[in-house]
Amino acid sequence: MGEMMSIKKEKVRKELVSLCLGELTAILSFWLCFFLLKNRLGDWMSLITILYPLSLLTFILLQGSTYWAILIRRLSKPQFGSGTVPKLYGCFRILDLVLLISGFPFIVWNTQSVQVTILATLIQLFALIEWVNYFLVRLSYSLNPLVLWKRITKGKLEKSRIAKELG
């Protein structure tokens, strides 16, 4: 029985490490793309228009990566962060939402070109999707997008892991 629990715990640990490193890899990839393409943006206003949603997306992804790291630690120390994590992530949920809401007018206000506006809006939408995935409902179930679509249409989305912890 103990060996079975150990195998299950190791499987969970591998999944959590994968999630944690996946978020960090995404952050590095987005910033690499930004630095490769920043000279094509044209002017400072365009650069700032892209930097706002990209920084916000990075902030949200870092929260996710940190949360997965906390869950990894909890595998060996179950009460790790149990008092501070709900408070901290409750604050993040509100702060992120305020930053997300203000991001859309910011993008429109700083519009210099249609291409920059579209790119900034797409990054902002991706940040919004990540926020929903972390703080409201789980959006990742399978590599097949039809699985998510079926869950949405049947109203079978689960609360996200952070949302469950926040209550």
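The sections below go from the whole chain to a single contact between helices.

## Model and secondary structure

The model is predicted, not experimental. Its secondary structure consists of six helices and zero strands. Read from the N terminus, the order of elements is α-α-α-α-α-α.

## Dimensions, burial and surface

The C-alpha trace spans about 65 × 35 × 30 Å along its principal axes. The protein has 167 residues, of which 31% count as buried.

Sequence separation gives another view of the fold. Among contacts in the protein with a separation of 6 or more, 67% are between residues 24 or more positions apart.

## Helix 2 and helix 4

Helix 2 covers residues 44-76 and helix 4 covers residues 114-135. Their axes come within 9 Å and cross at roughly 20°. Because angles under 35 degrees count as roughly parallel, helix 2 is roughly parallel to helix 4. The crossing of these two helices is left-handed.

Which residue classes make up the contact of helix 2 with helix 4? The contact comprises 18 nonpolar residues, five polar residues and one charged residue.

Technical notes: Residues are numbered from 1 along each chain as its sequence is written. This is a predicted model: local features need pLDDT of at least 70, side-chain atom pairs count only at pLDDT 80 or more; totals for chains, interfaces and linings use all residues. Side-chain values use heavy atoms; hydrogens and water are left out. Axes are lines fitted to C-alpha atoms, for helices over the stretch in contact, and angles run from 0 to 180 degrees between N-to-C directions. Helices (H or I, at least four residues) and strands (E, at least two) are DSSP runs, numbered from the N terminus. Angles under 35 degrees count as roughly parallel, over 145 as roughly antiparallel, 65 to 115 as roughly perpendicular and the rest as oblique. A crossing is left-handed if the near helix is turned anticlockwise from the far one by less than a right angle, and right-handed if clockwise. Ala, Val, Leu, Ile, Met, Phe, Trp, Tyr, Cys and Pro count as nonpolar, Asp, Glu, Lys and Arg as charged, and the others, Gly among them, as polar. Buried means under 20% relative accessible area, exposed over 50%, partly exposed in between (1.4 Å probe, protein chains only). Contact means heavy atoms within 4.5 Å.
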